[in-house]
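Here are some friendly notes to read alongside the model. Please keep the viewer open as you go through the points.

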Amino acid sequence: MQPLSDTNALGSESAPDAPVALESVLCTEELDRRPHRLPDYESENRALVKLAQALADSPRNILQTLADTILATLNSDSAGVSLITDDGGRFYWPAISGAWKAHIGGGTPRNFGPCGDVLDRNIPLMFGRFQRRYTYFKPVQPQVEEAILVPFHIEGKAVGTIWAVAHTCGRRFDAEDMRQLESMGRFASAAYQAVLSIKGLEQEGNALRDSERQFREMIDALPAAIYTTDAHGHLTHFNPACVEFSGRTPVLGSDHWCVTWKLYYPDGTPMPHDACPMAIALKEGRIIRGAEAIAERPDGTRVWFEPYPTTLQDSNGKIIGGINMLVDITERKQVEERLREAKQQAEAASRAKDMFLAVLSHELRTPLAPVFMTLSALELKADLPPDMRQDVTMMRRNVELEVKLIDDLLDISRITSGKLQLQFDRIDINEILRHVCEICRPNMLEKGIRLHCDLDAGADLVVGDQARLQQVFWNLLNNAAKFTPEGGDIHLATRGINDDEQARIQVTVRDSGMGIAPDFLPRIFDAFEQGELRITRQFGGIGLGLAISKMLVEWHRGTIRAESEGKNKGATLVVELPALSRGNSTSVDSQLQPDAGTSAVPLRLMVVEDHADTAVVLGKLLTASGHAVRTATTAAAALALAREHHFDVVISDVGLPDMTGYELMKELKARYGIKGIAMSGYGMEEDIKKGEQAGFSAHLVKPVNMARLEASIRHVAAEGIGDRAR
């Protein structure tokens, strides 16, 4: 890219496209319509301090430092400085940074570019795609999408502009960008005047005195509180912002400013004055950045600030003074405190929500427990009349549905709050699917639905939580059965996928049911979505099963998608999970297996349950199974029974009137070594963990299937026998 010069600018006058009017490229008013940001004084102050240091260290390079600083501070694509020649006939570019840097040294006639229009109006302006007016810019790449320009003056006379350019439509300037550019424009005026003064004073031999004056004038123009000292820390200069910042007028010649303050560390403890960063810089030459401190004003108010001390040195490197900028961060700290309080409130609300859900779950499950256990026991009676068996099955199925709704609500809460705990292991995916099919098959047989399975023997190993993956595929098969009419078909298939990506296992559930409407397909995995209201009324549920399945699959680093050709054309759910090679497999015991040697032995059981109906039903059912059962409704009564009788297993509720079931279990285990099973309406991960810590060997959530309860009792009792044998 060749530097843009007067020659190629003038040559563009013969371009075929006529330039548009100035008002067609001006868009300054657009800044008022764009989103407003809070003033970023911190980054502005850092930029100005950087420029001030550059002016002190290398004044001849100040314009290039200015261009680099504009580019970085405004995050623009190009930035630069345009100066007008002494005769006022053209602009030249002594400093450019960014994409247009190759044009340094070029220039344009005064009236051939946006800089001339800015000086004519003597106000900051923003242009959009200004090559439409200044046609000689059309061959220059990259093109201009937006540009903001600010005039700067020397002793009241406009001598040029500073500017920032965006070359892509993704960068849009706002009012804060313009404010910061204007601030740097004021600095540019003082800096350029200082450079000119330095040049002249170098010839006259008075450069030091006037550069100091210009330097102080520049400091005075800065919005940040800045002061200077000599080598001993005595105050030599301060700007007006210092007075506003500290609430007092410092005395020149006194010890450096911080000595007159009460200073504190961020934790509120007093800070010795010789420990402040400015004192350390003057004494040791060590510069500390990023420190935060608190200063107390005369009226007792406190202000948070960040100090930016710098030493001033002579040609031999000896410290001859220092300069310190104090950035007020009080507002930022207040915002941080409000955010911290808001976080604490949100965490408290989350804990309250979890407690509410746990209590709600307990209160909903507890009255269902005796009903469910009674119905489960009745179904097992061989002499039950067929019509009554149908009624009992219907009631048991509806109780199970209510429990499933409770489980779904708790699961969606745990998943969305990130509190669901997964236990990962190597899993045989086909084994899980066969088990799920056995669970779902009775429901399908009632509707006459045919289930076809095609399980690829080579596609079976994944890393995952067995219970949660089983929950996913139960949801998919149950969902397919729900929306498939009587006599329909459901196809379940697995296959391994090996391509350039990681090997995967694909599980497909395809049904011949009512299908999914195209407009609903994108929302099929959203929580509480079931499409039309009539679908909810016809098929029940609250639309959480697929939402939970999607979240669980994604937690296993997998994907799930739905496909359908439309209404009444069936639907297909496809799950893909990362696969393992069979050589890495380990055996996984996913079932509670009762010990063969104890399966027929009656056990001595104690049931601790304060819900009267549940206690009565549970006692009757366990007694009918051949066990010797005693019941207690309080922890005190349970401890009294344990003193008088020996028990193999205690089955205890968690919420008891006189102490928690966790406390009771600790007592029973410590005194008598009894094994225990927690049976409660509380089923959150925290409840299960608390049960393990208290000494429970198993945690069952109400209502409990009697077959599962019996298996748990035998399993826990077998553990106790094994412990005694050891």
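1. Accessible areas here come from the Shrake-Rupley method with a 1.4 Å probe. On that basis, the chain of this predicted model has an accessible surface of about 35400 Å². Carbon and sulfur atoms account for 53% of that surface.

2. The chain has 726 residues, and 48% of them count as buried. Its secondary structure comprises 21 helices and 24 strands. If you take the contacts between residues at least 6 apart in sequence, 64% of them join residues at least 24 apart.

3. Now for the helix pairs. Two packed helices are described by the angle between their axes and the distance between the axes. For helix H4 (residues 41-57) and helix H5 (residues 62-74), the axes come within 10 Å and cross at roughly 165°. Angles over 145 degrees count as roughly antiparallel, so H4 is roughly antiparallel to H5. The crossing of H4 with H5 is right-handed.

4. Which residues in H4 and H5 meet? From H4 come Ala-47, Lys-50, Leu-51, Ala-54 and Leu-55, and from H5 come Ile-62, Thr-65, Leu-66, Thr-69 and Thr-73. Sorted by class, this contact of H4 with H5 has six nonpolar, three polar and one charged residues. As a reminder for reading such lists, an α-helix has 3.6 residues a turn, so residues three or four places apart point the same way.

5. Helix H13 (residues 429-446) and helix H14 (residues 466-483) form another packed pair, with an angle of about 40° and axes 9 Å apart. That angle makes H13 oblique to H14. Their crossing is right-handed. On the H13 side, the contact is made by Ile-429, Ile-432, Leu-433, His-435, Val-436, Cys-437, Ile-439, Cys-440, Asn-443 and Met-444. On the H14 side, Gln-466, Leu-469, Gln-470, Phe-473, Trp-474, Leu-477, Asn-478 and Ala-481 take part. By class, the contact of H13 with H14 has 13 nonpolar, five polar and no charged residues.

6. Helix H16 (residues 545-555) is worth a look for its burial pattern. Its buried residues are Gly-545, Leu-546, Ala-547, Ile-548, Ser-549, Leu-552 and Val-553.

7. Next, please find Asp-610 in the loop between strand E20 (604-608) and helix H17 (612-624). Leaving aside neighbours within four places in sequence, Asp-610 is in contact with Thr-633, Asp-653, Gly-655, Leu-656 and Pro-657. The C-alpha atoms of Asp-610 and Thr-634 are 6.5 Å apart, while the two residues are 24 apart in sequence.

8. Finally, Asp-220 lies in helix H8 (residues 207-221). With a relative accessible area of 32%, Asp-220 is partly exposed. Beyond its neighbours within four places in sequence, Asp-220 is in contact with His-237, Phe-238, Asn-239 and Pro-240. How far apart in space are Asp-220 and Cys-242, C-alpha to C-alpha? The distance is 9.5 Å, for two residues that are 22 apart in sequence.

How values were computed. Residues numbered from 1 in each chain as written. Predicted model: local features only at pLDDT ≥ 70, side-chain atom pairs only at ≥ 80, totals over all residues. Heavy atoms only, no water. Axes fitted to C-alpha atoms, helices over the stretch in contact; angles between N-to-C directions. Helix = DSSP H or I, 4+ residues; strand = E, 2+ residues; numbered from the N terminus. Parallel < 35°, antiparallel > 145°, perpendicular 65-115°, else oblique. Left-handed = near helix turned anticlockwise from the far one by under 90°. Contact = heavy atoms within 4.5 Å. Nonpolar A, V, L, I, M, F, W, Y, C, P; charged D, E, K, R; others polar. Buried < 20%, exposed > 50% of the residue type's maximum accessible area, 1.4 Å probe, protein only.
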